[in-house]
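Subject: Structure for you to look at

Hi,

Here is the structure I promised to pass on.

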Amino acid sequence: MHAAVEITVDASNLICAVNTAWHRFARENGCEHLTDEAVVGRCLFDYIEGGATRIFVETMLHAVRHSQTPLVCAYRCDSPDLRRDMEMTLYPPVSGLLRMQHRLVRERPLITPVVFNRVPENRYACAEQVKRCSHCNALRVRWSWHDVEQLEELGLRSGENPLDVYYGVCDRCHDELASKIEMLGQLCVG
Ligand SMILES: [Zn+2]
């Protein structure tokens, strides 16, 4: 099993450090350019795309800082041919520095590899546009949410062509986060 990837951010969410496992993960995923020099000092949100996703992470960071309680949540980080179940833990800050740990829980090949192409949200074509949850990787197709492994049944696979998606957070992840935040809210200090 791979070592957990860790990112440490300061009170302004600027990246202060990444660990060796980060570099390995970046290399394995074609992001060799994300060296220490490239990422340290940058804002964490420069690496998180989609307004809803940024708000999601920002809310988690805020809840951990104010409750001084760790927050653990499961998420998916699939590659085109692998299903990856991950777990993220946010630890309460020590001397203002908050550590985010990303641990691979399990990984297995996807039966049919899928390549996604990020496109901007088109508010006028929302019924046709596929939304991908950046947290659990579910896909919203014509108003209902599905796992990537159901794409074939939905008739959405067209050979090797990438599937155009825009990113956001699904209803289930939104509700799960809301209940976790509410729990942490009750523990808030100061
Ligand atoms: Zn989701």
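Let's start with the mixed sheet: five strands make up an open sheet with mixed pairing, ordered β6-β10-β7-β8-β9. Its edges are β6 (116–118) and β9, each of which pairs on one side only. From one strand to the next, the twist averages 45 degrees. Axes here are lines fitted to C-alpha atoms, for helices over the stretch in contact, and angles between N-to-C directions run from 0 to 180 degrees.

Before going on, keep in mind that this is a predicted model: local features need pLDDT of at least 70, side-chain atom pairs count only at pLDDT 80 or more, and totals for chains, interfaces and linings use all residues. Residue numbers start from 1 along each chain as its sequence is written.

On terms: helices (H or I, at least four residues) and strands (E, at least two) are DSSP runs numbered from the N terminus, and two strands pair if DSSP finds at least two bridges between them.

Val 141 has Ser 144 as its bridge partner in β9.

The other open sheet also has five strands, in the order β2-β1-β5-β4-β3, with antiparallel pairing. Here β2 and β3 are the edge strands, pairing on one side only. Its neighbouring strands are turned by 20 degrees against each other on average, direction ignored. At one end, β1 and β2 pair over three bridges, and Val 9 stands opposite Ile 15 in β2. Strands β3 (residues 71–76) and β4 (residues 82–90) share six antiparallel bridges, with Cys 73 partnered by Met 88 in β4. Helix α1 lies across β1 and β2, at about 115 degrees to β1.

**The cores**

Which residues have the most contacts inside the largest nonpolar core? They are Ile 15, Val 64, Leu 71, Leu 90 and Leu 98, in a core of 15 residues. (A nonpolar core is a set of buried Ala, Val, Leu, Ile, Met, Phe, Trp, Tyr and Cys residues joined through C-beta atoms within 7 Å.) At least two residues of this core come from each of β1 (5–9), β2 (15–18), α1 (20–28), α3 (51–67) and β5 (98–109). There is also a second, separate core of 14 residues, including Cys 133, Leu 139, Val 165 and Leu 177.

Leu 98 has contacts beyond four places in sequence, among them Thr 8, Val 9, Leu 61 and Val 64. Contact means that the C-beta atoms of two residues, placed from the backbone, lie within 7 Å.

Glu 149 sits in the loop between β9 (144–146) and β10 (163–168). Leaving out residues up to four places away in sequence, Glu 149 touches Leu 110 and Ile 111.

**The whole chain**

Overall there are four helices and 10 strands. Buried residues account for 19% of the 190 residues. The C-alpha trace spans about 50 × 35 × 30 Å along its principal axes.

Cheers

Notes
Buried ≥ 20, exposed ≤ 12 C-beta atoms within 10 Å, placed from the backbone.
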